[in-house]
Amino acid sequence: MSLFSKKIKAVSDIIAEAVKNVKQDDISFSNYINEIEKEAHRLYLLEERKAIKEILLMKVNPENKLKDILEKIADIVIELSTVISNTRRSRGGISSEYILSYALKKYGIDNEPVGRKKSKRSYYPDVAIPSMEVLEKNPNKAIALAVKRTLRERWREDLSIFSHFHNAAFVCISDSTDITEGKLLDMQKEGLKVLFLPDQLYLSLKNFIEENIKQMEVYELSHLPQWIKRKLITQNHPLTDR
């Protein structure tokens with residue numbers, strides 16, 4: 001772990017603070033997640049600035065000549081640019097699952113952010129409901145969620161979630177999710193079964209979804225807590241749907 005990374009709070013701590021700062025009242029679940037994401041990003045940038053300042057103060061000798069100081073700062077900035085980029089990338093994927101996890105807990109849904117683990121023999125989702133223990137011991141009484149902030153082509157990595165777990169969903173949490181009509185058709189064709197999209201994005205694609213997406217369930221993100229609770233009730237009391 002780099003010195004820069006060590007000086008920044010853990011992702012879970014930043015998001016926990018963001019959750020405390022965001023009011024849940026009179027706001028949809030989708031907007032609630034979006035506000036948490038924005039606040040977490042703001043807090044993370046503050047952490048970055050603090051870490052950069054501390055490193056500069058640590059490595060730059062104020063008694064040196066101005067020219068020497070500027071050259072040293074330039075070297076540090078160049079070195080840090082790569083470190084910052086890599087740190088943001090590695091924390092970005094983790095932050096999505098923690099944001100969704102904290103938001104679901106605020107809505108009364110027990111869950112556990114798993115931390116991605118993959119191998120040829122096993123697949124683990126981003127979030128397990130109600131816990132990883134239940135998901136492993138009795139998967140039919142649990143729900144597995146794959147979480148993404150943006151898609152690109154990485155959604156294909158999580159298609160196996162639907163073959164590994166009976167109750168599973170793919171969840172996009174960001175309003176900036178890069179999804180198109182063509183990508184929806186690709187997802188349907190390749191076997192993605194349940195998809196949640198941020199409310200505004202869903203509404204912009206609603207007509208296309210209703211006319212063209214027949215083999216994949218697509219919902220507004222704000223419907224996720226209700227969908228989860230209904231699934232859990234069905235699994236624990238299977239006669240309720242008969």
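**Burial and salt bridges**

Analyst: Lys 183 is buried, its relative accessible area being 12% (buried is under 20%, exposed over 50%, partly exposed in between, with a 1.4 Å probe and protein chains only). This is a predicted model, in which local features need pLDDT of at least 70 and side-chain atom pairs count only at pLDDT 80 or more, while totals for chains, interfaces and linings use all residues. Residues are numbered from 1 along each chain as its sequence is written, and side-chain values use heavy atoms, with hydrogens and water left out.

User: Which side chain meets that of Lys 183 in a salt bridge?

Analyst: A salt bridge needs a side-chain nitrogen of Lys or Arg within 4 Å of a carboxyl oxygen of Asp or Glu. Here the partner of Lys 183 is Asp 178, at 3.9 Å from N to O. Asp 178 is partly exposed, at 30% relative accessibility.

User: How many salt bridges does the rule give?

Analyst: The count is eight. One of them joins Glu 190 and Arg 156, with 2.9 Å from N to O. Glu 190 is in the loop between helix 7 (181–189) and strand 5 (194–197), and Arg 156 is in the loop between strand 3 (143–148) and helix 6 (161–164), so this pair ties together parts 34 residues apart in sequence. Helices (H or I, at least four residues) and strands (E, at least two) are DSSP runs numbered from the N terminus. Both ends are partly exposed: Glu 190 has a relative accessible area of 36%, and Arg 156 is at 32%.

User: What separates Glu 39 and Arg 42 in helix 3?

Analyst: An α-helix has 3.6 residues a turn, so residues three or four places apart point the same way. Glu 39 and Arg 42 are three residues apart in helix 3 (residues 29–59), which means about one helical turn lies between them. Their side chains meet in a salt bridge of 2.7 Å, N to O. Glu 39 counts as buried, at 14% relative accessibility, whereas Arg 42 is partly exposed, at 41%.

**One side of a helix**

User: Which residues of helix 2 are buried?

Analyst: In helix 2 (residues 11–21) they are Val 11, Ile 14, Ile 15, Ala 18 and Val 19. They are on the same side of helix 2 because they cover an arc of only 140 degrees around the axis, where the arc is that of the directions from the helix axis to the C-beta atoms.

**Aromatic rings**

User: How many aromatic pairs does a search of the whole structure find?

Analyst: The search finds four. Rings of Phe, Tyr and Trp (its six-membered ring) pair if their centres lie within 6.5 Å; planes under 30 degrees apart are stacked, over 60 edge-to-face, and the rest tilted. Tyr 32 and Tyr 107 make a tilted pair, at 6.1 Å centre to centre and 50 degrees between the planes. Tyr 32 lies in helix 3 and Tyr 107 in the loop between helix 4 (66–106) and strand 1 (112–113), so the pair ties together parts 75 residues apart in sequence. Tyr 32 is buried, at 0% relative accessibility, and Tyr 107 is partly exposed, at 22%. With Phe 29, these two form one aromatic cluster.

User: Which ring does the charged end of Lys 105 sit over?

Analyst: The test asks for NZ of Lys or CZ of Arg within 6 Å of the ring centre and within 35 degrees of the ring normal. The charged end of Lys 105 sits over the ring of Tyr 102, 5.9 Å from its centre.

**The nonpolar core**

User: Which residues touch the most other members of the largest nonpolar core?

Analyst: In soluble globular proteins, nonpolar side chains tend to be buried together. A nonpolar core is a set of buried Ala, Val, Leu, Ile, Met, Phe, Trp, Tyr and Cys residues joined through side-chain atoms within 4.5 Å. The largest one here has 66 residues, and Leu 145, Leu 195, Leu 224 and Ile 228 touch the most other members. Helix 3 gives the most to this core, with eight residues.

User: What does Leu 224 touch?

Analyst: Contact means heavy atoms within 4.5 Å. Not counting residues up to four places away in sequence, Leu 224 touches Phe 29, Leu 100, Leu 104, Val 171 and Phe 196. Leu 224 lies in helix 9 (residues 224–236) and is buried, at 0% relative accessibility. Leu 224 and Leu 104 are 120 residues apart in sequence, and their C-alpha atoms are 8.9 Å apart in space.
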